[in-house]
Amino acid sequence: MSVVVVGAGLAGVACAREVADAGIPVRVLDRGRAPGGRMASRCHDGRPIDTGAAYFTVRDPGFAEVVATWRTAGLARPWTSELAVLDHGERRRAPGPMRWAAPQGLCSLVAALAEGLPLELEREVERVTAGPTVDGEPADVVVLAMPDPQALRVLDPRLGAVALASGRPWRPVLAVAAEYADRTWDELPAAFVNDHPVLSLIADDGARRGDDAPVLVAHTVSDVARRFDEQPEKAVPLVVEAVGELLGITARPVWTHARRWRFASPEQDRDVPFHLGADGIGLAGDGWGSSRIETAWRSGSLLGREVVRRLG
């Protein structure tokens with residue numbers, strides 16, 4: 001028996017972890033240079049900055065057990081249960097569930113879960129066909145752990161999973177990281193930005209990392225992401241100006257970096273956590289449920305258990 005997981009984000013790694021722990025051979029393929037997916041972190045001068053997801057929450061008991069191991073290892077920490085809302089120039093408090101952060105970047109959590117798994121990075125998959133096969137190599141089960149539009153690029157059009165992955169719009173986002181010479185803004189863990197033409201969220205990366213570095217990460221609205229899709233760096237001046245106006249920052253950043261996420265989140269949730277067809281092709285990710293890091297873990301883990309049950 002063999003299982004191939006395409007995608008080394010949290011969903012793919014969680015799926016592979018379940019399969020590997022059951023003693024079934026599994027391979028994880030990803031075109032990136034490191035595991036993580038949208039839990040990506042960029043290093044600048046040795047310091048990680050989260051340029052994908054801003055934080056994660058914990059509701060599922062199984063996920064809570066995983067988070068407890070990350071916390072014990074010093075990889076995750078409770079960050080804040082209260083974010084801000086910036087609404088037409090006014091700032092108000094938004095209490096909610098505890099948001100968690102990762103001192104070494106969210107990608108470190110995926111890397112920890114992937115420890116010991118056979119990862120094949122910088123591996124571009126061209127086609128998944130009936131059998132199932134991955135680029136002509138047969139497997140008992142093939143899992144695509146990625147957003148629907150990316151899965152459609154590799155799925156043979158004749159496969160049943162194509163219908164499930166089709167027809168759902170996805171929102172793009174640009175994430176812009178900016179480091180300043182000093183912290184001149186009021187205390188701000190993170191803030192949702194309502195009805196703004198440029199921004200949807202601002203996160204204080206120094207606060208969530210716990211080192212108070214003067215680094216902010218801003219997420220754009222979808223219209224801006226589409227406008228600058230081909231050249232994300234050209235959106236930086238617009239984003240920096242908007243951040244400055246909202247937080248009262250007059251200084252220019254020391255450096256900036258833009259990261260494009262063409263498929264950041266689906267416009268509609270799903271009410272099932274994964275798909276596994278009779279043809280041995282599975283789909284998983286944070287698009288299977290409400291779009292959260294926890295959803296990605298749950299989707300991949302549940303699919304992995306179903307793969308084990310089917311192959312057992």
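Modeller: Contact means heavy atoms within 4.5 Å. The model is predicted, so local features need pLDDT of at least 70 and side-chain atom pairs count only at pLDDT 80 or more, while totals for chains, interfaces and linings use all residues. Residues are numbered from 1 along each chain as its sequence is written, and side-chain values use heavy atoms, with hydrogens and water left out.

Colleague: Which residues does G282 touch, not counting residues up to four places away in sequence?

Modeller: G282 belongs to strand β18, residues 281-284; strands (E, at least two residues) and helices (H or I, at least four) are DSSP runs numbered from the N terminus. G282 has 0% relative accessibility and counts as buried, where buried means under 20% relative accessible area, exposed over 50% and partly exposed in between, with a 1.4 Å probe and protein chains only. Beyond four places in sequence, the residues touched by G282 are V142, V143, L144, H275, L276 and L303.

Colleague: Is E18 buried, exposed or partly exposed?

Modeller: E18 is found in helix α1, and, leaving aside neighbours within four places in sequence, E18 is in contact with S301, G304, R305 and V308. The C-alpha atoms of E18 and S301 are 6.3 Å apart, although 283 residues separate the two in sequence. The relative accessibility of E18 is 23%, and E18 therefore counts as partly exposed.

Colleague: How are α1 and α9 oriented to each other?

Modeller: The axes of α1 and α9 come within 7 Å and cross at roughly 30°. Axes are lines fitted to C-alpha atoms, for helices over the stretch in contact, with angles from 0 to 180 degrees between N-to-C directions. Angles under 35 degrees count as roughly parallel, over 145 as roughly antiparallel, 65 to 115 as roughly perpendicular and the rest as oblique. The two helices, α1 and α9, are therefore roughly parallel.

Colleague: How many nonpolar, polar and charged residues has the contact of α1 with α9?

Modeller: On the α1 side, the contact is made by L10, A11, A14, C15, E18 and V19; the residues of α9 include I293, W297 and R305. Ala, Val, Leu, Ile, Met, Phe, Trp, Tyr, Cys and Pro count as nonpolar, Asp, Glu, Lys and Arg as charged, and the others, Gly among them, as polar. By class, there are 11 nonpolar, 3 polar and 2 charged residues.

Colleague: What is the relative accessible area of D45?

Modeller: D45 is placed in the loop between β3 (41-44) and β4 (47-50). Its phi is near 55°, a positive value in a residue other than glycine. D45 is exposed, and the relative accessible area of D45 is 75%.

Colleague: Which residues does a cis peptide bond join?

Modeller: The loop concerned runs between β8 (128-129) and β9 (133-134), and P132 lies in it. Omega is about -5° for this cis peptide bond, which joins G131 and P132.
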